[in-house]
Amino acid sequence: MVRLKDAVRRVLYPAYESRVVKFLPTDQIPQHVGVMLDGNRRWAKAVGLNTAEGYQAGADNIRPLLGWCEEVGVEVVTLWLLSSDNLTNRPPEQLTGLLAIIEGAVASLAEAGRWRIHPVGALDLLPPETAARLKAAEEATRDIDGILVNVAVGYGGRREIADAVRALLAEHATRGTSLEELADLIDVEHIAEHLYTKGQPDPDLVIRTSGEQRLGGFLLWQSANSEFYFCEALWPDFRRVDFLRAIRAYAARERRFGG
């Protein structure tokens, strides 16, 4: 019975996906999509694999996702690969293996020569070799004219805002601005100019896999006006049809921006 269902899906899904793509309104495609790649460990447990194999399966699903984004016209993608909390809460042996998988995944994206890589997060919290490899991927893809891919490693939304405020204060200290003067002039845009994603459009759509319905600290500042899509599929099982459904749901929403 399971094999029969799989066979039916293989026949019907391509036609269904093509129909969804055909009828997507081209003027309502999100410019920036954030993705929380959640559920790798639960997927591994469910299929009888170890944690590292689950993370690797998740890493292997990143390139297909970027291809789907290219297909519909998304311009910026932010991938949350590792939170700053993970750096302190995961067992050292698990963290070492996860960082190695992340390094390999980012290197693979850079070697593809299709996407421009931009690390976001507190790189100073990462092992020096990991930070160096992320920066090398950024440098190697700097001139590529493709989707901008933010790889969020050692990332936390509260940490990002604190870092932005810290950078803003340091900048004005070098200018000799007094605290009183800074308090009078500071506004939302001044802080936005010091975020990890400065100069980029805020995410229009944030997707979280695995059925969890919370942000967990992802792009806290930038997602103030984002649309959210929560998908039941665990990340390694996230398919093109799931992605297209998310884009279709986004396109069908009326965005009010507080109006």
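**E227.** I began with E227 in this predicted model, and found that E227 counts as buried because its relative accessibility is 17%, which falls under the 20% cut-off. I then looked up where E227 sits, and the residue belongs to strand β6, which covers residues 227–230. For its surroundings beyond four places in sequence, I noted contacts of E227 with D204, L205 and V206, and also with Y250, R253 and R255.

**D38, annotated together with E227.** The unreviewed UniProt entry places a "binding site" feature at D38 and E227, and from this set I found D38 in the lining of the largest pocket. I located D38 in the loop that runs between β1 (32–36) and α2. When I set aside the neighbours within four places in sequence, D38 was in contact with R208, T209, S210, E212, L234 and W235. I also recorded a polar contact at 3.5 Å between the side chain of D38 and the side chain of R42.

**The other annotated set.** I next turned to a further "binding site" feature in the unreviewed UniProt entry, which is placed at G39, N40, R41, R42, W43, S83, S84, D85, R90 and R208. Checking these residues against the largest pocket, I found that its lining includes G39, N40, R41 and R42, then S83, S84 and D85, and also R90 and R208. R42, the partner of D38 in the side-chain polar contact, is therefore a residue that I would keep in view together with D38, since the pocket lining includes R42 and takes in D38.

**R90.** Which loop holds R90? I found R90 in the loop between α5 (84–89) and α6 (92–112). R90 counts as buried because its relative accessibility, 18%, is under 20%. Leaving out residues up to four places away in sequence, I listed R41, Y55, L95 and L98 as the residues that R90 touches. With Y55 there is also a polar contact, made between the side chains of R90 and Y55 at 2.4 Å.

**W43.** Is W43 buried or exposed? With a relative accessible area of 14%, W43 is buried, because this value is under 20%. I placed W43 in helix α2, which spans residues 40–46. Beyond four places in sequence, I noted that W43 touches L49, E53, G54 and A57, and that it also touches L234, P236 and D237.

Note on methods. Residues numbered from 1 in each chain as written. Predicted model: local features only at pLDDT ≥ 70, side-chain atom pairs only at ≥ 80, totals over all residues. Heavy atoms only, no water. UniProt positions renumbered as here; feature names shortened; annotations may be inferred. 1 Å grid on protein atoms, 1.4 Å probe; cavity = no way out; pocket = protein on both sides within 12 Å on 5 of 7 lines; lining within 4 Å. Helix = DSSP H or I, 4+ residues; strand = E, 2+ residues; numbered from the N terminus. Buried < 20%, exposed > 50% of the residue type's maximum accessible area, 1.4 Å probe, protein only. Contact = heavy atoms within 4.5 Å. Polar contact = N/O pair within 3.5 Å; in protein donor to acceptor, adjacent residues only side chain to side chain.
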